[in-house]
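Subject: Structure for your review

Dear colleague,

Please find below the structure that I am handing over to you. My notes on it follow.

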Amino acid sequence: MGSCREHASAVIKDETGCFFVGLNRIYNWNIPDGKELSFDCAWDKGKTGSGNMDPPFNFELLNTGRIGDDLKAYYPWTKMEDNGLQPLQAVKITRNADKMSKMTKDDSLDTYLVCNAYVKAGEEERTILEGSRPANFEIKYALPGGTADED
């Protein structure tokens, strides 16, 4: 979970925030044969189409180096006593002060991040895991000294 495991990552002065994504447990479900399971996120326009595709934030998936192996060991899930706690993908959001200082009243404050589960085999292009749904996040913030709508 990287620094998302630390209490300090939940302190507003740090200008960071963390959240975690995973799959719902389904009895005896397994990763499709020959596939690797992973997660990824991307900025999104959102349902209204107003989402800022270059917001004043950076995001980082912290435990990508080991999440695939952890997921492979976890599935097929049968019960908590055998499989333990579900591996989660940690996502850290950090305010980008440089980008924020350059925002104008024309820039959207609407910020949406969408995370999906993906599968791939070898070097093939990854695809969204069939039957999975995205995790949708909205980031709420105001610009220092006011909003982007003010002069």
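Predicted model: local features only at pLDDT ≥ 70, side-chain atom pairs only at ≥ 80, totals over all residues.

Is Arg-66 buried or exposed? With a relative accessible area of 53%, Arg-66 is exposed; buried means under 20% relative accessible area, exposed over 50%, and partly exposed in between, with a 1.4 Å probe and protein chains only.

Residues are numbered from 1 along each chain as its sequence is written, and side-chain values use heavy atoms, with hydrogens and water left out.

Overall fold

The chain contains three helices and seven strands; these are DSSP runs numbered from the N terminus, helices being H or I of at least four residues and strands E of at least two. Their order along the sequence is β-β-β-α-α-β-α-β-β-β. Among contacts (heavy atoms within 4.5 Å) with a separation of 6 or more, 73% join residues 24 or more positions apart. Of the 151 residues, 32% count as buried.

Nonpolar core

In soluble globular proteins, nonpolar side chains tend to be buried together. A nonpolar core is a set of buried Ala, Val, Leu, Ile, Met, Phe, Trp, Tyr and Cys residues joined through side-chain atoms within 4.5 Å. The largest one here has 27 residues, and Leu-37, Tyr-75 and Leu-113 have the most contacts inside it. Elements giving two or more residues to this core include helix 1 (64-74), strand 2 (36-44) and strand 5 (111-120). Leaving aside residues up to four places away in sequence, Leu-37 touches several residues, among them Trp-29, Leu-71, Tyr-75 and Val-119.

Salt bridges

The whole structure holds seven salt bridges, each a side-chain nitrogen of Lys or Arg within 4 Å of a carboxyl oxygen of Asp or Glu. One of them joins Lys-35 and Glu-124 at 2.8 Å, N to O. This pair links distant parts of the chain, 89 residues apart: Lys-35 lies in the loop between strand 1 and strand 2, and Glu-124 in the loop between strand 5 and strand 6 (127-128). Lys-35 is partly exposed at 26%, as is Glu-124 at 34%.

Arg-66 also takes part in a salt bridge, with Asp-70 (2.9 Å, N to O). The two are separated by about one helical turn because they are four residues apart in helix 1. Asp-70 is partly exposed, at 26% relative accessibility.

Yours sincerely
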